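Colleague: I should like to go through a structure with you, step by step. Could you show it first?

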Amino acid sequence: MPELPEVEALKDFLTEHLVGHEIVRVLPVAISVLKTYDPPLAALEGHEVAAVRRYGKFLDLATDGGPHFVTHLARAGWLHWKDRLPDGPPRPGKGPLALRVALETGAGFDLTEAGTQKRLAVYVVADPQEVPGIARLGPDPLADDFDEPRLAELLAGERRQLKGALRDQALIAGVGNAYSDEILHAAKMSPFKLAASLSEEETGRLYAALRDTLTEAVERSRGVAAGRLKAEKKSGLRVHGRTGEPCPVCGDTIREVSFSDSSLQYCPTCQTGGKPLADRRMSRLLK
């Protein structure tokens, strides 16, 4: 799933390629991708893109005098830029193509989604705050006013485990499964530790890991073409998706805890005092 760093890089890429250009056609291929119907997709046509913004994991294309085109790529969605779109409208079928946006230059982009779980979402709205997922977002962790006391305030009384708290978009916007693993590894904390149990020193450590991990990932992704962002993300991860490999910090074997629809990776030596975590049905919280 694209997370804050990749969506931020897509925002920069699309700012360069879209702003000042006119949307001449928006062609839906998979009706399931559309989450709003008024105004219609056609209301975007004939308007120039005035700005591209990011809200958590959402991308917002603001048009000049027209509505906003907002998309969330979900777990298996992606944006593919094309300097020259194919001639003729796309044909509905069983392929991954969900929607196409064409510019007056002949360039544009496709939104695709792999797999059978269709969660890719597109909204056409007068105001991004009309999108429920944006309206409920917590603060952006890279915002200038997101400081250590703000993080402490968010975690105070939070009875969930750190892994779940970091992934909650209503608490902190933009962090998903991969970067929550990376942040907790950098902070040397168990993913099962209770968020409300952090000491002042631990909160400072988590804050530094949160900001540094995301900032470094954004810098790695900056300037990377849209088609190469997935590979860039994977190459920069130290523990997530690296079960069985040596930890780059201590050399211990990276372990995994599997859930019904996801998994987490961690280093026992760096994060849990050398103790492997059992699966979710048998684990006790490791402090």
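Colleague: What pLDDT does the chain average?

Modeller: The average is 93, and 97% of the residues score at least 70. The pLDDT is the predictor's confidence in each residue, from 0 to 100. Over residues 281-287 the pLDDT is below 50. Beyond near neighbours in sequence, that stretch has 14 contacts in the model, a contact being heavy atoms within 4.5 Å. Where pLDDT is low, the predicted coordinates should not be read in detail.

Colleague: Let us turn to charges. How many salt bridges does a search of the whole structure find?

Modeller: The search finds 20. A salt bridge is a side-chain nitrogen of Lys or Arg within 4 Å of a carboxyl oxygen of Asp or Glu.

Colleague: Which residue forms a salt bridge with E6?

Modeller: The partner is K233, and the closest N and O atoms are 3.7 Å apart. This pair links distant parts of the chain, since E6 is in helix α1 (residues 4-18) and K233 is in helix α7 (residues 229-236), 227 residues apart. Helices (H or I, at least four residues) and strands (E, at least two) are DSSP runs, numbered from the N terminus.

Colleague: Is E6 buried or exposed?

Modeller: E6 is buried, because its relative accessible area is 1%. K233 is buried as well, at 10%. Buried means under 20% relative accessible area, exposed means over 50%, and partly exposed lies in between (1.4 Å probe, protein chains only).

Colleague: And what about K193 and E202?

Modeller: They form a salt bridge, with the closest N and O atoms 3.6 Å apart. K193 has a relative accessible area of 8%, so it is buried. E202 also counts as buried, at 17%.

Colleague: Now to the helices. How does one describe two that pack together?

Modeller: Two packed helices are described by the angle between their axes and the distance between the axes. Axes are lines fitted to C-alpha atoms, for helices over the stretch in contact, and angles run from 0 to 180 degrees between N-to-C directions.

Colleague: At what angle do α5 and α6 cross?

Modeller: The axes of α5 (residues 177-187) and α6 (residues 200-221) cross at roughly 130° and come within 8 Å. That makes α5 oblique to α6; angles under 35 degrees count as roughly parallel, over 145 as roughly antiparallel, 65 to 115 as roughly perpendicular and the rest as oblique. Among the residues that meet, Y179 and L184 are in α5, and L206 and L210 are in α6.

Colleague: Why is α5 described as largely enclosed?

Modeller: Helix α5 is largely enclosed by the rest of the structure because 10 of its 11 residues are buried. The cover over its buried residues includes α1, α4 (162-167), α6, α7, β10 (263-266) and α8 (268-271). Leaving aside residues up to four places away in sequence, S180 touches K163, L166, R167 and V175.

Colleague: What follows α5?

Modeller: The helix is followed by K188, whose phi is positive, near 60°.

Colleague: How do α3 and α6 cross?

Modeller: The axes of α3 (residues 148-155) and α6 come within 10 Å and cross at roughly 115°. That makes α3 roughly perpendicular to α6. The contact involves E148, L151, A152 and L155 of α3, together with E200, T203, G204, L206 and Y207 of α6.

Colleague: Lastly, where does I172 lie?

Modeller: I172 lies in the loop between α4 and α5, and counts as buried at 1% relative accessibility. Not counting residues up to four places away in sequence, its contacts include P139, F146, L151 and L210.

Definitions and conventions
Residues numbered from 1 in each chain as written. Predicted model: local features only at pLDDT ≥ 70, side-chain atom pairs only at ≥ 80, totals over all residues. Heavy atoms only, no water.
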